[in-house]
Amino acid sequence: MSPSVEVPAHEPAPPSEWKGRAMAELTEARARLLRMLERLGEAELVAQHSPLMSPIVWDVAHVANYEEQWLLRALGAPALTDPDVDSLYDALRHPRATRVHLPLLSPAQALAYAARVREASLAWLRELPEDSGAPLLRGGFVFGMVAQHEQQHLETIAATLQLMTARDWRPTALARPRPGRAAQHEVFLPGGPVRLGSDAPWAYDNERPAHTAHVEDFFLDSHPVTNGDYAVFVAAGGYEDARWWTPEGSAWVRQEGARHPLFWLPQAGGHWRRRFGWEEPLPPDEPVQHVSWYEADAYARWAGKRLPTEAEWERAASGLAPASRAFPWGDSPPRADQATLGGDTWGPSPVGSFPAGATPEGVHGLLGDVWEWTSSTFGGYLGFQAFPYREYSEEFFGTEYRVLKGGSWATAPVAARNSFRNWDYPLRRHIFTGFRCARDAR
């Protein structure tokens, strides 16, 4: 990956006063990184806790190197490192399972490098003109890209910590609400024109261009499927019954020996779960986490339903065009009483915790808590143009990946919006994934 200056189609006019937001988001991302690392020793930072994940120290230096490339070199500032460092921290050059064998910076060196790059980036930001016509600076795009990139890697680090088996580490978590259980029910959503994607200044290339599509009438679950809901499927023998699984899903079950979601611990009379090195009873009212697309799809079939398409999910979150919303509740950014975001809770909230975050039609929990699998494969919208580099999105277009929507408790607010598109292989379940079901209105 090397910085380029390709110009995307449908780029909006630059808003004024983006510098303050850029500085605030970069500062928040770095503060969160330091909070996450403060109780980890060098051994935890350099170890590879799973072949699915990088050593944490690789992620730390990678976000610094990415920032150096895009906020310094691509904008005309002098380089702080040589190309050998770029190669070490190139995500496409080195698969995750091999990164532990690279001559990586030590934790102290990686943090010092990150601090040096950030100091230079903020100094460079202060010197840049607000009204630059450069594509990377239009609306402060490149600063938003880097802030979101760092926060996305912090969610990756959280997933790595969940895979870490040390029993003597436990994060300090903010309290989560404990409302009475919200009853699951279906919400009828009339079909019609839906505005998909976004042309907002900090939207990624795979969200562009914003466009209108049509969806038919459908029903959607009011909440994500909970642990308690999913436990019924497990107890009913759902993993052993081939009727509910695609051929690929059945093969995955056999290969994995799967009988329940990842990190569940069968106990007499129920389940416990492992969370960041400790074990606890499984809360029935929280959204189920750590399920693959195969598991979500099988549950939906068992329930007589299906997974929603990406367009249906966005229709539920955004409403019908032309009166579309950027967030489920409207156009204002997330507040703490609307969604579980930002990572400091270290887990999802029980369903129904945030009435203020519901859509006008009564769909709850669309942003935060758990990423929601959809039935859609990942591809570019009509008119897609890679910007500012092809490796972010275009390399992954194809039928192997399924789209996830909505963000999780570990997703930062800066990367949480109706149009945001995540994607992964259907077998992945170490990430903070859940789902809700849909049904045709026939």
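Trainee: Where does Pro-388 lie?

Mentor: Pro-388 is in the loop between β8 (371-378) and β9 (398-405). This model is predicted: local features need pLDDT of at least 70, side-chain atom pairs count only at pLDDT 80 or more, and totals for chains, interfaces and linings use all residues. Residues are numbered from 1 along each chain as its sequence is written, while side-chain values use heavy atoms, with hydrogens and water left out.

Trainee: What kind of peptide bond joins Phe-387 and Pro-388?

Mentor: That bond is cis, with omega about -5°. Another cis bond runs from Arg-208 to Pro-209, with omega near -10°. Pro-209 belongs to the loop between β2 (192-196) and β3 (211-215).

Trainee: How do you know whether Phe-276 and Asp-369 are buried or exposed?

Mentor: Buried means under 20% relative accessible area, exposed over 50%, and partly exposed in between, using a 1.4 Å probe and protein chains only. Phe-276 has 1%, so it is buried. Asp-369 has 8%, so it too counts as buried.

Trainee: Why is helix α9 called largely enclosed?

Mentor: Eight of the 10 residues of α9 (293-302) are buried, so the rest of the structure largely encloses this helix. Among these buried residues are Trp-293, Tyr-294, Glu-295 and Asp-297.

Trainee: Which elements do the buried residues of α9 pack against?

Mentor: They pack against α7 (227-235), α8 (247-256), β8 and β9, where contact means heavy atoms within 4.5 Å. After α9 comes Gly-304, whose phi is positive, near 75°.

Trainee: How do you know that β1 and β4 pair?

Mentor: Two strands pair if DSSP finds at least two bridges between them. Four bridges join β1 to β4 (218-221), so the two strands meet this definition. They run antiparallel.

Trainee: What makes β1 and β12 edge strands?

Mentor: They belong to an open antiparallel sheet of three strands, in the order β1-β4-β12. β1 (186-189) and β12 (438-440) each pair on one side only. Neighbouring strands here are turned by 25° on average, direction ignored. Helix α10 (310-318) lies across β1, β4 and β12, at about 75° to β4. Axes are lines fitted to C-alpha atoms, for helices over the stretch in contact, and angles between N-to-C directions run from 0 to 180 degrees.

Trainee: Which strands make up the sheet that holds β6?

Mentor: That open sheet of three strands has the order β5-β6-β7, with antiparallel pairing. Its edge strands are β5 (264-267) and β7. Four bridges join β5 to β6, and Gln-267 has Gly-270 in β6 as its bridge partner. Helix α7 packs on this sheet, touching β5 and β6, and its direction makes about 60° with that of β5.

Trainee: How many residues line the largest cavity?

Mentor: Its lining has 15 residues, and those nearest its centre include His-364 and Asp-369. The volume of the largest cavity is about 110 Å³.

Trainee: How is its lining divided by class?

Mentor: The lining holds seven nonpolar, seven polar and one charged residue. Ala, Val, Leu, Ile, Met, Phe, Trp, Tyr, Cys and Pro count as nonpolar, Asp, Glu, Lys and Arg as charged, and the others, Gly among them, as polar. Asp-369, one of the lining residues, therefore counts as charged.

How values were computed. On a 1 Å grid over the protein atoms alone, a cavity is a set of points where a 1.4 Å probe fits but cannot get out, and a pocket is an open set with protein on both sides within 12 Å along at least five of seven lines; lining residues have an atom within 4 Å of a point. Grid points are joined across faces, edges and corners, and a volume is the space filled by probe spheres set on the points.
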